[in-house]
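Here is a short briefing on the structure shown below.

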Amino acid sequence: MNNYDVTVIGGGPAGLAAAIKASEAGARVLLIEREGRLGGVLKQCIHDGFGVIRFGEKLSGCEYAERFIHEIAKTDVEISLSTFASKIDNTGAGFLLHLSNKDGFSTVTSRTLVLATGCRERTARQVFIQGTRPAGIITAGAAQYFINVMGEMPGKRCVILGSGDIGLIMARRLTLEGAEVLGVYEAKPEPSGLMRNIYQCLVDFDIPLHLSHTVVRAHGRGRLTGVTVAAVDEHMQPISGTEEYIPCDTLVLSVGLIPENELAETLGVSLAKATKGAVCDQNYMTSVPGIFACGNALHVNDLVDYVSESGEKAGEKAAAYALHAAKPADQLQQPSKESACVLIEPDGGFLYSVPQKLELGSLAEDGKVQFFFRSKLTRGGTTVRMYLDDKEIFTKKYQSLRPPEMEKFEYDFSGGLPAEGQKIRLVMEEAEGNDK
Amino acid sequence: MISKDLICIVCPNGCRLHGEIDDAGNLNVTGNRCVRGKSFAGTEMTNPTRSLTTTVRTAFEAMPWLPVRTLGEIPKGRIPDAISELAAIEVSSKVMCGDVIAENLAGTGVDVIATMDII
């Protein structure tokens with residue numbers, strides 16, 4: 001049976017970055033990918049706009065993935081494609097992974113795990129649409145796979161529900177490939193996707209965006225023949241009398257992404273309600289020692305550049321943890337001392353912030369922490385403040401904040417380490433003298 | 001004078017721009033957070049251009065479609081012609097990410113590259 005220091009589950013952008021960094025840190029690394037090719041969802045993301053932050057270039061998603069795939073080929077990472085981790089046991093000293101692939105079942109052990117399992121799309125079953133259940137109702141990601149990987153058109157006359165980025169990208173893609181996109185319907189009063197995608201995917205092709213509208217009913221037997229749309233009130237409830245029937249053969253859903261955490265749950269990893277991903281510390285270690293999480297499995301990102309960044313950190317820290325644990329027992333620190341944490345509590349202005357806690361032992365060695373957050377509502381000029389108990393330790397001003405746009409800041413704690421029992425609070429305030 | 005409200009598509013910030021070109025041809029842009037926004041507004045108001053990403057057919061069963069993109073931007077109005085030109089292409093050699101698939105797409109002077117390896 002093979003033994004590894006770090007096993008990374010998932011070969012998308014987070015997993016690739018994690019495996020590369022863990023290997024560079026000197027760990028023996030296994031990367032498990034259930035598909036036949038590395039790259040994760042980026043394989044079907046043929047559109048450009050990836051890597052602007054990391055590479056200063058507008059790459060396609062596939063191209064962005066290829067950079068890491070070429071990079072990982074230069075490392076000693078062992079890659080296991082078309083392989084599924086069906087079960088993982090926590091043995092206390094590490095993890096026992098039950099793997100299945102074309103060669104049959106096998107087991108390996110690993111000191112640490114990096115969960116880079118990405119996210120899943122919300123499906124028709126998770127949004128409330130009345131009526132029949134005909135063919136032709138698909139998620140935006142599935143439509144993307146149909147067109148870009150299989151070369152098949154999902155339909156000719158399409159309605160898109162939800163204004164998430166993939167839905168917007170698919171509005172353009174369907175149009176370029178000859179389908180008619182009748183409109184994008186968004187129940188919220190503002191779009192969920194990035195502004196540049198509203199502009200280059202909808203405005204460019206004269207595709208109407210109907211805010212505060214939703215699809216209330218699907219029609220058709222066998223194949224979708226049309227949908228009923230309606231305006232919604234401020235509680236997102238359909239307003240009677242505003243219904244309109246739209247004949248179409250395809251309804252594309254772009255109604256949100258949910259971190260994929262089935263393995264994490266079986267391992268007893270605590271999940272955060274707000275992110276639906278693992279609760280983690282600044283090293284991306286979860287509530288279970290030795291299990292790390294990164295990328296969209298941790299919280300849904302809007303930019304892959306940040307996914308890679310979290311993967312790199314998780315990989316590096318997992319390697320450090322594994323190599324530290326490999327030392328003889330007399331050199332190890334007391335575990336109780338290692339696991340002392342302070343919690344980070346965002347106020348009601350935040351949809352969420354990550355990480356949720358700081359692990360004090362490692363914070364003393366590396367004080368730099370990246371914070372990621374989303375605001376709950378669209379806001380103008382806003383000041384974000386961080387308090388250690390009642391002392392303000394950090395402020396940053398933002399011209400505007402929108403829930404679809406993840407924000408990031410860094411703070412270095414090495415000048416004043418928090419102590420056990422203290423609390424870190426994040427607060428949002430309207431910026432003074434800013435009326436824009 | 002031309003005046004237009006735009007959204008910058010250069011980076012994920014998506015700055016909301018307001019561009020004005022006066023009768024003497026001087027460009028004035030507000031709302032941009034960097035210089036790229038100004039140059040985007042200038043192009044967008046006079047000759048809007050876009051990069052184009054799509055797929056082309058291959059001769060390989062394991063990967064029947066190859067993702068490609070223009071190596072630069074082409075005039076927006078040339079996109080339909082560019083799409084039909086690319087629809088006629090079939091790649092029969094094992095190209096790598098970055099290899100040129102088509103030169104001078106639809107007479108725009110812009111080449112098209114593969115964005116994935118055929119393996």
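How many residues of chain B are in contact with chain A? In this model, 20 residues of chain B are in contact with 20 residues of chain A. Contact means that the C-beta atoms of two residues, placed from the backbone, lie within 7 Å.

This is a predicted model, in which local features need pLDDT of at least 70, side-chain atom pairs count only at pLDDT 80 or more, and totals for chains, interfaces and linings use all residues. Residues are numbered from 1 along each chain as its sequence is written, while chains are lettered from A and ligands numbered from 1 in the order in which they are written.

**Interface of the chains**
- On the side of chain B that touches chain A, β5 (53-58) and β6 (65-70) of chain B each give two or more residues.
- That side of chain B divides into 11 nonpolar, 6 polar and 3 charged residues.
- Ala, Val, Leu, Ile, Met, Phe, Trp, Tyr, Cys and Pro count as nonpolar, Asp, Glu, Lys and Arg as charged, and the others, Gly among them, as polar.

**Domains of chain A**
- The domain assignment, which is automatic or from a database, gives domain 1 (1-121 + 257-332), domain 2 (123-255) and domain 3 (334-436) of chain A.
- The C-alpha centres of domain 1 and domain 2 of chain A are 32 Å apart.
- Domain 1 of chain A puts 7 residues into this contact, and domain 2 of chain A puts in 11.
- The domain 1 side of chain A has 2 nonpolar, 2 polar and 3 charged residues.

**Nonpolar cores**
- A nonpolar core is a set of buried Ala, Val, Leu, Ile, Met, Phe, Trp, Tyr and Cys residues joined through C-beta atoms within 7 Å.
- Buried means 20 or more other C-beta atoms within 10 Å of the residue's own, placed from the backbone.
- The largest core has 86 residues, and V114(A), L115(A), F292(A), A293(A) and C294(A) have the most contacts inside it.
- Helix α8 (residues 304-325) of chain A gives this core its largest share, 9 residues.
- Beyond four places in sequence, C294(A) is in contact with residues including A14(A), V114(A), Y284(A) and A314(A).
- Another core, of 45 residues, lies apart and has C8(B) and I198(A) among its members.

**Sheet in chain B**
- An open sheet of 3 strands runs β1-β2-β3 (chain B) with antiparallel pairing.
- Strands (E, at least two residues) and helices (H or I, at least four) are DSSP runs, numbered from the N terminus.
- Strands pair if DSSP finds at least two bridges between them.
- β1 (2-7) and β3 (27-30) of chain B are the edge strands.
- Strand β2 (residues 16-21) of chain B is joined to β3(B) by 4 bridges, and I21(B) has L27(B) as its bridge partner.

Terms used. A residue is buried if 20 or more other C-beta atoms lie within 10 Å of its own, exposed if 12 or fewer, and partly exposed in between; C-beta atoms are placed from the backbone.
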